[in-house]
Amino acid sequence: PPRIGVLALQGAFREHRRLLESLGSTVQEVRLPADLAGLDGLILPGGESTTMAHLLTEYGLWEPIRGFSAGGGAIWGTCAGAILLAREVRGAPPQFGGRQDSLYLLDATVQRNAFGRQINSFAAPLPVQGLDTPFPAVFIRAPAFSEVGAAAAVLAHWEGQAVMLRQGNILATAFHPELTNDSRLHEFFLKMAVKSPESVQI
Ligand code: GLN
């Protein structure tokens with residue numbers, strides 16, 4: 001079974017861990033570069049992306065995570081984690097000059113809080129390309145992918161906005177699959193993590 005790491009600096013990492021363990025995978029909480037050793041996949045959880053970006057700098061994790069991806073490791077960002085993957089982030093707080101660092105691994109621009117504030121959080125049955133029935137998607141101050149480059153494929157839209165992308169061994173969801181009991185997307189990510197990405201279809 002693939003070994004999956006969950007970035008455990010902040011946010012909903014325990015929920016990912018619980019779901020992955022229910023599927024029989026071994027989970028490593030990642031806080032330091034050394035924690036990435038031997039992993040097949042890495043999940044960047046939801047939470048608060050500016051806080052997570054700050055902690056990635058503190059813990060010296062930006063380059064090790066880029067290297068993990070370059071070495072063939074699969075990465076899945078959910079919500080704030082998806083923001084961290086993008087090549088450009090819009091809607092960063094003014095106190096940061098409207099700029100926010102990211103991993104630049106996903107060929108897309110991400111708009112933070114694209115569906116409004118906390119009070120506009122919602123759950124919706126989301127049609128996802130490749131799934132027989134809609135996925136119960138939980139959107140919490142969710143981002144959306146406002147510009148999607150040629151390298152990335154859109155697997156789901158909500159209200160006309162792209163909310164799920166796949167680019168080779170990278171998966172990004174604007175919503176929180178770890179807050180449901182539906183394990184289909186985690187199962188898909190486990191398959192991405194063990195096989196060569198091109199051979200895996202959702
Ligand atoms: N709005 C948050 C951010 O920009 C993400 C919210 C979430 O992960 N649920 O970081």
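This report describes the ligand surroundings, the annotated sites, the core and some strands of a predicted model.

## Around the ligand

The shell around the ligand is made up of G46, G47, E48, S49, C79, A80, I83, R112, N113, I140 and R141. By type, these shell residues divide into four nonpolar, four polar and three charged.

The unreviewed UniProt entry places a "binding site" at G47, E48, S49, R112, I140 and R141. These positions are spread over 95 residues of sequence, yet they cluster in space, with a largest C-alpha distance of 12.6 Å.

E48 sits in the loop that links strand 3 (41-44) to helix 2 (49-58). E48 counts as partly exposed because it has 15 C-beta neighbours inside 10 Å, a number that falls between the limits for exposed, 12 or fewer, and buried, 20 or more. When neighbours within four places in sequence are left aside, E48 is in contact with Q10, G11 and A80.

R112 is found in the loop between strand 6 and strand 7. R112 has 20 other C-beta atoms within 10 Å, so it is buried. Leaving aside its neighbours within four places in sequence, R112 is in contact with S49, I83, V89, R90, G91 and P143.

## The annotated active site

The unreviewed UniProt entry gives the annotation "active site" to C79, H176 and E178. They are spread over 100 residues of sequence but cluster in space, and the largest C-alpha distance is 10.8 Å.

C79 lies in the loop between strand 4 (74-78) and helix 4 (80-85). Is C79 buried or exposed? C79 is buried, because 30 other C-beta atoms lie within 10 Å. Apart from neighbours within four places in sequence, C79 is in contact with G46, I140, A142, P143, A174, F175 and H176. H176 belongs to the loop between strand 12 (170-173) and helix 5 (184-194). With 24 other C-beta atoms within 10 Å, H176 is therefore buried. Beyond its neighbours within four places in sequence, H176 is in contact with A12, G46, T78, C79, V138 and I140.

## Backbone angles

Most residues other than glycine have a negative phi. C79 is not a glycine, but its phi is positive, at about 55 degrees. Y104, also not a glycine, has a positive phi of about 60 degrees.

Y104 is placed in the loop between strand 5 (86-90) and strand 6. Y104 has 13 C-beta neighbours inside 10 Å and so counts as partly exposed.

## The nonpolar core

How many residues does the largest nonpolar core have? This core has 66 residues, and those with the most contacts inside it are L42, L85, L106, L165, A174, F175 and F189. Helix 5 supplies the largest share of the core, six residues.

A174 is in contact with C79, A82, F139, A142, P143, A144, V163 and M164, when its neighbours within four places in sequence are left aside.

Strand 11 (residues 161-167) is mostly covered, with six of its seven residues buried. Strand 10 (residues 153-158) runs antiparallel to strand 11, and five bridges join the two. In this pairing, V154 stands opposite L165. The hairpin of strand 10 and strand 11 has two residues between the strands, and E159 takes a positive phi near 50 degrees.

Strand 11 also pairs with strand 12 in the antiparallel sense, over four bridges. Here L165 stands opposite A172. The two strands form a hairpin with two residues between them, and G168 in the turn has a positive phi of about 60 degrees.

## An exposed loop residue

G116 lies in the loop between strand 6 (106-111) and strand 7 (122-126). G116 counts as exposed because it has 12 C-beta neighbours inside 10 Å. G116 and F96 are 20 residues apart along the chain, and their C-alpha atoms are separated by 20 Å.

Key: Residues are numbered from 1 along each chain as its sequence is written. This is a predicted model: local features need pLDDT of at least 70, side-chain atom pairs count only at pLDDT 80 or more; totals for chains, interfaces and linings use all residues. A residue is near a molecule or strand if its C-beta atom, placed from the backbone, lies within 6 Å of it. Ala, Val, Leu, Ile, Met, Phe, Trp, Tyr, Cys and Pro count as nonpolar, Asp, Glu, Lys and Arg as charged, and the others, Gly among them, as polar. UniProt positions are given in the numbering used here, feature names are shortened, and annotations may be inferred rather than shown by experiment. Two residues are in contact if their C-beta atoms, placed from the backbone, lie within 7 Å. A nonpolar core is a set of buried Ala, Val, Leu, Ile, Met, Phe, Trp, Tyr and Cys residues joined through C-beta atoms within 7 Å. Two strands pair if DSSP finds at least two bridges between them.
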